[in-house]
Amino acid sequence: VKMAVSCKPQNCRKVVLKCGEGSYCPNDRSTVCANITGSYQMKGHNEAIDFLNETNKMYSLGESTDLIGQIVERNLLGMKEKEICRIHLDTENLPHFVELYKLPLDVESVELVIELKSFERAKDFWHLTVSERQSIAAGYRELGNGLFSHQLYSQAALHYASAIKYLIPISQSDLNVDILKLKNICYINLSACQLHTRDYQNVVVNCDRVLATEDNNIKALFRKGKALLELNDFEAAKLHLLRTRSLDPTLKAVSDLLKEVEIRNKKYNVKLSKALKSGFS
């Protein structure tokens, strides 16, 4: 599942301070007990200032709805019991920490230390029944909906993608109407997040996945048309928006976007014409 995420838990550097024990790491949905501490440094200062100290913090991996939880979870998935690691955040994530923890604006760096105390692995992915996969996916969808309603589009996208991950492997013989509907809703919601994060190529990809089974899905047609407009594919955008309007002529947003297609197409053609003339002069 492709998605764009502006708050990126993968943008951090990890150093193992103490090796863990055993052969297994937590998996998705594992119940984990961990100690988390956090510190930051100000520009021009060497001393570290503590801002976070959570002992025996419980996680159900995959359910965090905030940036720090997603960073911690991502690293816990690769740790063994008793392991301790230090996470250094890249500058891209610093503004989110400054806002979340009310840190000074001139923070230069943030580090987290994670200790995995214990965990209980969830049922492995390939052992889940169809109904269990459907239930887990529905849970991730609800988490995504909550985040989307608060305009946290990047975090919401992670949960919609997680939901889809559990639905994709379901075979055609087990793919009932409810499961297909849930999968398409998650693709549609993911595409809405991607419009907000300007990942227009993947909006087209995920809308096409819906249209492959629901060729009259108005949201998929409209969002694909909107993404195609942003990609300057004006003819394709117009075709999808006209198709949307034919299915529901009352949608003012579609008519407005069709006007926008014509305006931007004319501007693009004028700009292209000038560029071609200057190239041959």
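The points below take up strands, aromatic contacts, salt bridges and surface in turn.

1. On the basis of the notes: this is a predicted model, in which local features need pLDDT of at least 70 and side-chain atom pairs count only at pLDDT 80 or more, while totals for chains, interfaces and linings use all residues. Residues are numbered from 1 along each chain as its sequence is written, and side-chain values use heavy atoms, with hydrogens and water left out.

2. Strand pairing. Helices (H or I, at least four residues) and strands (E, at least two) are DSSP runs numbered from the N terminus, and two strands pair if DSSP finds at least two bridges between them. By that criterion strand 2 and strand 5 pair in the antiparallel sense over twelve bridges, and A34 stands opposite L116 in strand 5. Strand 4 (residues 84–89) is joined to strand 5 by five bridges, and these two also run antiparallel; here R86 has V113 of strand 5 as its bridge partner.

3. A salt bridge is taken as a side-chain nitrogen of Lys or Arg within 4 Å of a carboxyl oxygen of Asp or Glu, and the structure holds ten of them. One of these joins the side chains of E111 and R86 at 3.5 Å, N to O, and the pair links distant parts of the chain, with E111 in strand 5 and R86 in strand 4, 25 residues apart. For burial, the classes are buried under 20% relative accessible area, exposed over 50% and partly exposed in between, with a 1.4 Å probe and protein chains only. E111, at a relative accessible area of 29%, is therefore partly exposed, and R86 counts as partly exposed at 30%.

4. Aromatic pairs. Rings of Phe, Tyr and Trp (its six-membered ring) pair if their centres lie within 6.5 Å, and planes under 30 degrees apart count as stacked, over 60 as edge-to-face and the rest as tilted. A search of the whole structure finds six such pairs. In one of them, the rings of Y40 and F51 have centres 6.1 Å apart and planes at 50°, so the pair is tilted.

5. The surroundings of F125. The rings of F125 and Y166 have their centres 5.0 Å apart and their planes at 50°, so this pair too is tilted. F125 lies in the loop between strand 5 (107–120) and helix 3 (130–149), and Y166 in helix 4 (residues 153–167), so the contact ties together parts that are 41 residues apart in sequence. F125 counts as partly exposed at 26% relative accessibility, whereas Y166 is buried at 1%. A charge sits over a ring if NZ of Lys or CZ of Arg is within 6 Å of the ring centre and within 35 degrees of the ring normal; R133 lies over the face of F125 in this way, at 4.5 Å from the ring centre. Elsewhere, the charged end of K57 sits over the ring of Y59, 5.8 Å from its centre.

6. Further salt bridges. R121 forms a salt bridge with D124, the closest N and O atoms being 2.7 Å apart; R121 is partly exposed, with a relative accessible area of 32%, while D124 counts as buried at 18%. The side chains of R264 and E230 meet in another salt bridge, at 3.2 Å, N to O. R264 lies in helix 9 and E230 in helix 7 (residues 218–230), so the pair ties together parts that are 34 residues apart in sequence. R264 is partly exposed at 23%, as is E230 at 31%, and E230, E260 and R264 are linked in a network of salt bridges.

7. Surface. Y268, L272 and L276 make a nonpolar surface patch of about 270 Å². L276 has its place in helix 9 (residues 252–280) and is partly exposed, with a relative accessible area of 46%. Patches are made of residues with over 30% relative accessible area and no salt bridge, like charges being joined within 9 Å and nonpolar side chains (Val, Leu, Ile, Met, Phe, Trp, Tyr) within 5 Å.

Key. Areas by Shrake-Rupley, 256 points an atom, 1.4 Å probe, with all protein chains shown as cover.
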